[in-house]
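Colleague: I have a structure open on my screen and would like to learn how to read it. Could we go through it together?

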Amino acid sequence: MTLARGIVSQVNGVHSVVGDQELAPRLMVDASVSYGASGGGVYDARDGGLIGLVEGYRTARVTSQGSEPPWYIDVPMPGQTLVTPLSDIRRFLAETGHAELIVATPR
């Protein structure tokens with residue numbers, strides 16, 4: 001098990017309600033994650049509440065120079081971990097007939 005700490009480094013968009021759908025801003029955190037972290041919880045440090053799930057992270061491709069055959073490695077970009085907001089997860093569960101999995105009410 002791995003525990004990483006970070007801060008919200010970017011918020012894209014604003015929280016709004018369109019029709020009957022709640023649209024949360026897209027989040028990016030600076031916590032360092034790696035392969036296998038997708039789907040892991042992202043929690044509010046103040047109250048321990050779940051705010052979203054790790055969606056993935058951006059990478060930079062580092063390529064070899066002068067080697068045969070050429071090779072590359074994708075390196076995680078610090079500070080660029082993407083988070084799916086909890087409201088999107090709730091909406092997905094409700095739309096796919098799994099609303100019984102939602103045990104808490106939105107904050």
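Colleague: Let me start with a side chain: what joins the side chains of Arg 61 and Asp 74?

Modeller: A polar contact is a pair of N or O atoms within 3.5 Å; within protein, one atom must be able to donate a hydrogen and the other to accept it, and residues adjacent in sequence count only if both atoms are side-chain atoms. Here the side chains of Arg 61 and Asp 74 are joined by such a contact of 2.9 Å. Before we go on, a word on the ground rules: this is a predicted model, where local features need pLDDT of at least 70 and side-chain atom pairs count only at pLDDT 80 or more, while totals for chains, interfaces and linings use all residues. Residues are numbered from 1 along each chain as its sequence is written, and side-chain values use heavy atoms, with hydrogens and water left out.

Colleague: Over which ring does the charged end of Arg 61 sit?

Modeller: A charge sits over a ring if NZ of Lys or CZ of Arg is within 6 Å of the ring centre and within 35 degrees of the ring normal. For Arg 61 the ring is that of Tyr 72, with the charged end 3.7 Å from its centre. Contact means heavy atoms within 4.5 Å, and Arg 61 is in contact with Tyr 72, Ile 73 and Asp 74, leaving aside neighbours within four places in sequence.

Colleague: Is Arg 61 buried or exposed?

Modeller: Buried means under 20% relative accessible area, exposed over 50%, and partly exposed in between, using a 1.4 Å probe and protein chains only. Arg 61 counts as exposed because its relative accessibility is 51%. Across the protein, 24% of the 107 residues count as buried.

Colleague: How many helices and strands are there?

Modeller: Helices (H or I, at least four residues) and strands (E, at least two) are DSSP runs, numbered from the N terminus. The protein has one helix and seven strands, in the order β-β-β-β-β-β-β-α along the sequence. Arg 61 is found in strand 6.

Colleague: How many bridges join strand 6 to strand 7?

Modeller: Two strands pair if DSSP finds at least two bridges between them. Strand 6 and strand 7 run antiparallel and are joined by 10 bridges; Thr 63 stands opposite Tyr 72 of strand 7. In the loop between these two strands you will find Pro 69, and the peptide bond from Glu 68 to Pro 69 is cis, with omega about -5°.

Colleague: Which strands pair with strand 4?

Modeller: Strand 7 (residues 72-85) pairs with strand 4 in the antiparallel sense over three bridges. Leu 27 stands opposite Val 83 there, and Val 29 has Thr 81 as its bridge partner. Strand 1 (residues 8-12) also runs antiparallel to strand 4, with four bridges, and Asn 12 stands opposite Arg 26.

Colleague: Which residues make up the largest nonpolar core?

Modeller: A nonpolar core is a set of buried Ala, Val, Leu, Ile, Met, Phe, Trp, Tyr and Cys residues joined through side-chain atoms within 4.5 Å. The largest one has eight residues: Leu 27, Val 29, Ala 31, Val 33, Val 42, Val 54, Tyr 57 and Val 83. Take Ala 31 as an example: beyond residues up to four places away in sequence, Ala 31 touches Ala 4, Arg 5, Gly 6 and Thr 81.

Colleague: What does the side chain of Thr 84 make a polar contact with?

Modeller: Its partner is the side chain of Glu 55, at 2.8 Å. Thr 84 lies in strand 7 and also touches, among others, Arg 26, Ile 51 and Ile 89, with residues up to four places away in sequence not counted.

Colleague: Which residues of helix 1 are buried?

Modeller: In helix 1 (residues 86-95), the buried ones are Leu 86, Ser 87, Asp 88, Ile 89, Arg 90 and Leu 93. Gly 97 follows the helix, with a positive phi near 80°.

Colleague: And where is Gly 40?

Modeller: Gly 40 is in the loop between strand 4 and strand 5 (41-43). With a relative accessible area of 26%, Gly 40 is partly exposed. Leaving aside neighbours within four places in sequence, Gly 40 is in contact with Gly 52, Leu 53 and Val 54.
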